[in-house]
Amino acid sequence: MNLNRYVFVTMSLLLTVVPYALGHVTGSNLQNFQYNADLVAVAPIVDGYLDDPVWEKVIPGKMNQDLINGKHLPESPDFSGSFAAVWRNGFLYVAIKITDDQLETRQAKLLREDHIILYIDPHHSGRMEDLYRYEIPIHKEMDTLKYPLTRVAWGNDGQTCELSFRLDNLARKGNSIGFWIAYHDVDSGHLQNKIGWVPEGYTEDNDYLPDLIFTAKIEPSRQQKLIQWGHIKGLY
Ligand SMILES: [Ca+2]
Ligand SMILES: [Ca+2]
């Protein structure tokens, strides 16, 4: 085999392999769409209030895509929403911030109330499955939590929320899971909008899940020495 031919064959092989190596989802927009959840030295307190130091430093993901028409939805008093996620000691912590000018929380059925839909796919299958689906009513206590969701807490009259998921050794540097979040905006008992953190052009006809990657910039040895935010908070 001459050199040119060798290079050509090698390149062809690489081009065949690379799309698979990048992930399960090969939709062009979704491929580079991911959330990096960073390891934190001190876990947030899951109390619904986002005053924990870790939430000040994170980069939020915005819920700003209309899932019905696939178009970008600008922020407005009608709705704006964002989330952030960090991890520590086998737990994934998610913070959610919502502005909705008409919060609907007192209906008998979840479908008639504002709620959050979340997918956490620890197996990284890349697809929506009921097993991975969580429906979180706004500003309500939940009687039972589906594993690995371990806690849900609301603050600020339903405008902020914290959740924790117990993922054990799946929460480790470099690992990926499937993650999806959207808000079902109900006004006067009727669904008005479905707004998600998804790439442009993504509609509810899609069933792909974007990736959440566990990243770590700090060294584990340093974290152990730091004190708990709970202790600090307890002093006030
Ligand atoms: Ca908190
Ligand atoms: Ca609403």
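What follows is a set of questions on labels and the values behind them.

Reply: This is a predicted model, where local features need pLDDT of at least 70, side-chain atom pairs count only at pLDDT 80 or more, and totals for chains, interfaces and linings use all residues. Residues are numbered from 1 along each chain as its sequence is written, and chains are lettered from A and ligands numbered from 1 in the order in which they are written.

Me: Why is Ser 188 called exposed?

Reply: Ser 188 has 8 other C-beta atoms within 10 Å. A residue is exposed at 12 or fewer, buried at 20 or more, and partly exposed in between, with C-beta atoms placed from the backbone. Therefore Ser 188 counts as exposed.

Me: What makes Asn 89 exposed?

Reply: Its count is 11 other C-beta atoms within 10 Å, so Asn 89 is exposed. Asn 89 is found in the loop between β4 (79-88) and β5 (91-100). Strands are DSSP runs of E, at least two residues, numbered from the N terminus.

Me: Why is β10 called largely enclosed?

Reply: 10 of the 12 residues of β10 are buried, so the rest of the structure largely encloses this strand.

Me: How do you know that β10 pairs with β11?

Reply: Two strands pair if DSSP finds at least two bridges between them. β10 and β11 have six, and run antiparallel. Val 186 stands opposite Leu 191 in β11.

Me: What makes β12 a partner of β10?

Reply: Three antiparallel bridges join β10 to β12 (residues 211-215). Gly 178 stands opposite Asp 211 there.

Definitions and conventions. Helices (H or I, at least four residues) and strands (E, at least two) are DSSP runs, numbered from the N terminus.
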